[in-house]
Amino acid sequence: AVLRRHAVKPPERSADELTYGSLRIDESGHRVYVADAPVELTATEFKLLLSLARRPGRVQTRGFLLQQVWDLPPDLNTRTVDTHVKRLREKLGEASGHLQTVRGVGYRFAADVKG
């Protein structure tokens, strides 16, 4: 009985989890997985990914993302969003195709990525 109680259990999937292909975002656990391998993200990168993933298929402007993620004014002329998206793509590896650039506007999260 003691061994059963302390046995390693498979991870449970919570209700507040977003899954897109090999990408899995656990909102309450503040974790991200690509092909079931954990991906280490900063708090800001996680917030950016979550902001994009919650609205798949919709273009989000840099100004909107500055407000949502950094709580900065939308008219601020900065490369902050672009730099963070670049780092996020590097960390996501095979799942980076979900983050799409819409030239001159912002970014879109693609739920279905063909690869």
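The model is predicted, so local features need pLDDT of at least 70 and side-chain atom pairs count only at pLDDT 80 or more, while totals for chains, interfaces and linings use all residues. Residues are numbered from 1 along each chain as its sequence is written, and side-chain values use heavy atoms, with hydrogens and water left out.

Val-32 also belongs among the residues with the most contacts inside the largest nonpolar core, together with Leu-23, Ile-25, Leu-49, Leu-92 and Phe-109. That core has 25 residues; a nonpolar core is a set of buried Ala, Val, Leu, Ile, Met, Phe, Trp, Tyr and Cys residues joined through side-chain atoms within 4.5 Å. Buried here stands for under 20% relative accessible area, exposed for over 50%, and partly exposed for what lies in between, using a 1.4 Å probe and protein chains only. The elements that give two or more residues to the core are strands S1 (17–20), S2 (23–26), S3 (31–34) and S7 (106–109), along with helices H2, H3 (62–70) and H4. H2 provides the largest share, six residues. In soluble globular proteins, nonpolar side chains tend to be buried together.

Let us step back to the whole chain. It has four helices and seven strands, these being DSSP runs numbered from the N terminus (helices: H or I, at least four residues; strands: E, at least two). Along the sequence the elements follow the pattern α-β-β-β-β-α-β-α-α-β-β. Of the 115 residues, 34% count as buried. Among contacts with a separation of 6 or more, 42% come from residues 24 or more positions apart. The chain exposes about 7,400 Å², and carbon and sulfur atoms supply 49% of that area, as computed by the Shrake-Rupley method with a 1.4 Å probe, where for residues only the protein chains shown count as cover.

Eight of its eleven residues are buried, so H2 is largely enclosed by the rest of the structure. The buried ones are Glu-45, Phe-46, Leu-48, Leu-49, Leu-50, Ser-51, Leu-52 and Ala-53. Take Ser-51, which sits in helix H2 and is buried with a relative accessible area of 11%. Not counting residues up to four places away in sequence, Ser-51 touches Gln-60, Phe-64, Leu-65, Gln-68 and Val-69.

Now for the helix pairs. Two packed helices are described by the angle between their axes and the distance between the axes. The axes of H2 (residues 43–53) and H4 (residues 80–92) come within 10 Å and cross at roughly 90°; axes are lines fitted to C-alpha atoms, for helices over the stretch in contact, and angles run from 0 to 180 degrees between N-to-C directions. That makes H2 roughly perpendicular to H4, on a scale where angles under 35 degrees count as roughly parallel, over 145 as roughly antiparallel, 65 to 115 as roughly perpendicular and the rest as oblique. From H2, Thr-44, Glu-45, Leu-48 and Leu-49 meet His-84, Val-85, Arg-87, Leu-88, Lys-91 and Leu-92 in H4. These residues divide into five nonpolar, two polar and three charged (Ala, Val, Leu, Ile, Met, Phe, Trp, Tyr, Cys and Pro count as nonpolar, Asp, Glu, Lys and Arg as charged, and the others, Gly among them, as polar).

H4 also meets H3, with axes that come within 9 Å and cross at roughly 75°. H3 is therefore roughly perpendicular to H4. Arg-62, Leu-65, Leu-66 and Trp-70 of H3 make this contact with Thr-80, Val-81, Asp-82 and His-84 of H4. Of these, Asp-82 counts as buried at 11% relative accessibility. Leaving aside neighbours within four places in sequence, Asp-82 is in contact with Arg-62 and Tyr-107.

Ala-95, in the loop between H4 and strand S6 (99–102), counts as buried at 1% relative accessibility. Beyond its neighbours within four places in sequence, Ala-95 is in contact with Ser-22, Leu-23 and Val-34. Gly-57, in the loop between H2 and strand S5 (59–61), counts as partly exposed at 48% relative accessibility. Gly-57 and Asp-112 are 55 residues apart in sequence and 9.4 Å apart in space, C-alpha to C-alpha.

Key. Contact means heavy atoms within 4.5 Å.
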